[in-house]
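Please walk me through this structure, beginning with the charged side chains that pair up and ending with the ligand and a few single residues.

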Amino acid sequence: MPREQPDFVVIANRLPVDRVTSPDGEVLWRTSPGGLVTALEPVMRRHDGAWIGWHGAADEKLRPFDHAGMHLVPIPLTEDDVQEYYEGFSNATLWPLYHDVIAAPEYHREWWDAYVRVNRRFAKKAAQIAAEGATVWVQDYQLQLVPQMLRALRPDLRIGFFLHIPFPPTELYQQLPWRREILEGLLGADLVGFQAPGAAQNFIRLVRQRVGHKTHRDTVYLPDGRTVLAKAYPISIDAEGFETLSRTPEVQARAAEIRESLGNPETVLLGIDRLDYTKGLPQRLRAFGELVADGLVQLDDVKFIQIATPSRERVNSYKLLRDNINQLVGRINGDIGRIGQQPIQYLHASYPREEMAAMYRAADVMVVTPLRDGMNLVAKEYIATRWDNRGALVLSEFAGAAAELKQAYLVNPHDINGLKQKMLEAINASGRETSRRMKALRKQVMENDIDRWANDFLTELNAQRDPHGKTTRPIS
Ligand code: F6P
């Protein structure tokens, strides 16, 4: 099959790599931020297809190219598109709305227009390159209109959609002035996947109430005889790949070096997140600061590393969060630190996979406390690196991962006293207890890896019958 006509196409807002220009003018490719890329990259490597997405720089047109065994097809975004479609409608309207309005969503008509315009650009590109009967897999909240647009252009395609973030309760979703258009956009797919069964149910209920289609359990019946399935497929990671990386002598040596640089404390706590207001960073830092201030843990014994990966830096709520976290870390370290003893090591930067694996290996307690999160793959990555069954995971009940990772120390991050209590339990747990919990967590993560997720979704997608009897190509 020539590359120009792939029979498997992934469409996501971002390509797996961003094009960045260094201060001395050198052009570099850097792994894009976020869980979507972590999850889909191994899937893409195993299927010979094309990945359509934005390459992270504005006002730049690039030709399709191959990178690390993947065929990438860049979609250009102008500076206006970036401001209105990406920073605006995707990340200042949909993102807060879909995350329980933790920040107030903004509704602007010109942002909506940009969302429609850019979604159409992605749909056209897929329609142009996909082979007859190909499978096209559309990803995430930035591209919810693409399934319908693509179906109109190419009815021969098998179209799947997966939402990586939560789908909001019906009461919140109703706020959206373009609620019906988005539901109709998603109904262009044959299969709509969500992280959790509750999200799929919210969607089905809204389709019934707002679009008026007949539904039964997980199926929507469209007037033209087509059916759309809506189901949960909890996403995962390349668990084996992460474990293998974390076993390398280089990663293990680096993990030892990290602990050494902290003064070899008894317990290292770790948080790794995109710097996002959904991630519950203030709650966990405050809880840790209070544990030290209350004398429940000793500064000599315990250190906290918090990595915050830069994200959506021009969006207002993200700018505010960055300032708040800087202040909070400064205040806690100023209040409870001593000369040569900084309780919180805060780093605002992105790191390659090897360094992340070393940090996971260096950490005794991983602290993941989002106020709302579709899944949270950092929690699963930590578990994949704990092949010696050591280490404890403190995990928010409001992360999708909590439904699967029941042996974690589950917390309500809004309850600071409860959070302190669970962090303390995790710090003081016996080796027997942590190993019992970690074994169960590892069984879950190692068995339900990204291959299983992709296979489950794509098998179901290919099994969806076309009412007109057309056959689609099975993907390799
Ligand atoms: O999973 C949520 C998500 O928004 C992905 O769609 C995205 O790739 C990732 O987080 C990172 O966000 P951004 O592309 O806005 O930096």
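A salt bridge is a side-chain nitrogen of Lys or Arg within 4 Å of a carboxyl oxygen of Asp or Glu. The model shown is a predicted one. By this rule it has 34 salt bridges. Side chains of opposite charge can pair when their charged atoms come close.

Take K420 and D294 to begin with. Their side chains form a salt bridge, with N and O 2.8 Å apart. The pair links distant parts of the chain, 126 residues apart: K420 is in helix α14 (residues 416-428), while D294 is in the loop between α10 and β14. Are the two partners buried or exposed? K420 has a relative accessible area of 10%, so K420 is buried, because buried means under 20%. D294 has a relative accessible area of 47%, so D294 counts as partly exposed.

Another salt bridge joins the side chains of D373 and K279, at 3.2 Å from N to O. D373 counts as buried, at 10% relative accessibility. K279 is also buried, with a relative accessible area of 10%.

K380 and E404 form a further salt bridge, and their closest N and O atoms are 2.9 Å apart. K380 belongs to helix α13, and E404 lies in the loop between β17 (392-396) and β18 (409-411); the two are 24 residues apart, and the pair links distant parts of the chain. K380 is buried, with a relative accessible area of 2%. E404 is buried as well, with a relative accessible area of 18%. Elsewhere, salt bridges that share partners join D81, E84, R117 and R121 into one network.

Helix α13, which holds K380, is worth a look of its own. How many of the residues of α13 are buried? The helix is mostly covered, and eight of its eight residues are buried. Among them are L377, V378 and Y382. At the start of α13, a side-chain oxygen of N376 comes to within 3.2 Å of the backbone nitrogen of V378.

A charged residue can also be buried without a salt bridge, and K303 is such a case. K303 is found in strand β14 (residues 302-309). The nearest side chain of opposite charge is that of D300, 5.6 Å away. That is beyond the cut-off, because a salt bridge needs the two atoms within 4 Å. What lies 2.7 Å from a polar atom of the side chain of K303? The backbone oxygen of L299 does.

Now turn to the ligand. It is surrounded by 14 residues, and the closest are R14, Y86, D140, Y141 and R312. The residues of this shell divide into six nonpolar, four polar and four charged. Helix α2 (residues 79-98) gives the largest share of the shell, three residues. Polar atoms of several side chains come up to oxygen atoms of the ligand. For R14, an N or O atom of the side chain is 2.5 Å from an oxygen atom of the ligand. For D140, the distance from a polar side-chain atom to a ligand oxygen is 2.5 Å. For R312, it is 2.8 Å. Taken alone, the ligand exposes 380 Å², and the protein buries 93% of that.

Most residues other than glycine have a negative phi, and most peptide bonds are trans. R217 has a positive phi, near 50 degrees, and is not a glycine. R217 is in the loop between β10 (214-216) and β11 (219-221), and at 71% relative accessibility R217 counts as exposed. N264 is not a glycine either, and its phi is positive at about 45 degrees. N264 lies in the loop between α9 (249-261) and β13, and is partly exposed, with a relative accessible area of 48%.

L62 is partly exposed, with a relative accessible area of 22%. L62 and V73 are eleven residues apart in sequence, and their C-alpha atoms are 8.3 Å apart in space.

Notes
Residues numbered from 1 in each chain as written. Predicted model: local features only at pLDDT ≥ 70, side-chain atom pairs only at ≥ 80, totals over all residues. Heavy atoms only, no water. Near = heavy atom within 4 Å. Polar contact = N/O pair within 3.5 Å; in protein donor to acceptor, adjacent residues only side chain to side chain. Areas by Shrake-Rupley, 256 points an atom, 1.4 Å probe, with all protein chains shown as cover. Helix = DSSP H or I, 4+ residues; strand = E, 2+ residues; numbered from the N terminus. Nonpolar A, V, L, I, M, F, W, Y, C, P; charged D, E, K, R; others polar. Buried < 20%, exposed > 50% of the residue type's maximum accessible area, 1.4 Å probe, protein only. Lys, Arg positive; Asp, Glu negative; His and termini not counted.
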